[in-house]
Amino acid sequence: MLVTAWVIVGVVAGVSGVLIGRLSLRQARAAVEDCRRMLARQSSEGMGDLKAIRDVAVCRYDALSEMRGRLSFSVAMINGLGDGIVLTSINGQSETRTYVRPVVGGKGEQPLSPEEAEAVRAARLGLGPLVPCRSAGPL
């Protein structure tokens, strides 16, 4: 009985390890593809002024369940070095809140929401100006 339990635990651990490995591999392949696109884009455009804002992407979504019509948005404005800002406006029925967060090297200095991160990613890859948000569900 005890041996059977250990065999079951071993099988479950093995299957879990394989699933985690596959997920990690998928994420790694997506990151490599993003880097490849960025490098191809930079080499085809020439470098120019790396500090000038050149990449802009807007991600529109319904941030609140009370509002429809994708009136909330995040705008990423990034230079060739991956530095810039992401501006977010959360629109409700009675009020609007606006936030701005700095971006350095393609990453937020403060934690970014999924929509903000998607706007920054799309700007870095040159997918803008208007991109679909993958995580565009209401909060």
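The following conversation walks through a predicted model, moving from its strands to a helix and then to a pocket.

Visitor: In which sense do strand β3 and strand β4 pair, and over how many bridges?
Guide: Strand β3 covers residues 84-91 and strand β4 covers residues 96-104, and the two form a hairpin with four residues between them. Gly-84 stands opposite Val-103 in β4, while Ser-89 stands opposite Thr-98 in β4. The pairing of β3 and β4 is antiparallel, and the number of bridges is eight.

Visitor: Which residue takes a positive phi in the hairpin of β2 and β3?
Guide: Strand β2, residues 72-79, pairs with β3 in the antiparallel sense over six bridges, and Ala-76 stands opposite Val-86 in β3. The hairpin of β2 and β3 has four residues between the strands, and the residue there with a positive phi, near 85°, is Gly-82.

Visitor: Why is β3 described as largely enclosed by the rest of the structure?
Guide: A residue counts as buried when its relative accessible area is under 20%. β3 is largely enclosed by the rest of the structure because, of its eight residues, the number that are buried is six.

Visitor: How far apart are the end C-alpha atoms of α2, and what span should its residues give?
Guide: Helix α2 has twelve residues, and at 1.5 Å a residue these should span 16 Å. Just after α2, Gly-126 takes a positive phi of about 75°.

Visitor: How many of the twelve residues of α2 are buried?
Guide: The buried residues of α2 include Glu-115, Glu-116, Val-120, Arg-124 and Leu-125. The helix α2 is largely enclosed by the rest of the structure, because the number of its twelve residues that are buried is nine.

Visitor: Is Glu-118 buried or exposed?
Guide: Glu-118 is found in helix α2, and its C-alpha atom is separated by 9.0 Å from that of Ala-76, although these residues are 42 apart along the chain. A relative accessible area under 20% counts as buried. Glu-118 has a relative accessible area of 12%, so the word for this residue is buried.

Visitor: Which element gives the most residues to the lining of the largest pocket?
Guide: The largest pocket holds about 520 Å³ of space, and among the 18 residues that line this pocket, the closest to its centre are Asp-34, Gly-106, Lys-107, Ala-117 and Arg-121. At least two lining residues come from each of α1 (2-45), β5 (107-108) and α2 (114-125). The element that gives the most, with seven residues, is α2.

Visitor: How many residues of the lining of the largest pocket are charged?
Guide: The lining of the largest pocket divides into nonpolar, polar and charged residues. Nine of the lining residues are nonpolar and four are polar, while the number that are charged is five.

Conventions:
Residues numbered from 1 in each chain as written. Predicted model: local features only at pLDDT ≥ 70, side-chain atom pairs only at ≥ 80, totals over all residues. Heavy atoms only, no water. 1 Å grid on protein atoms, 1.4 Å probe; cavity = no way out; pocket = protein on both sides within 12 Å on 5 of 7 lines; lining within 4 Å. Points joined across faces, edges and corners; volume = space filled by probe spheres on them. Nonpolar A, V, L, I, M, F, W, Y, C, P; charged D, E, K, R; others polar. Pairing = 2+ DSSP bridges. Expected span 1.5 Å × (residues − 1). Buried < 20%, exposed > 50% of the residue type's maximum accessible area, 1.4 Å probe, protein only.
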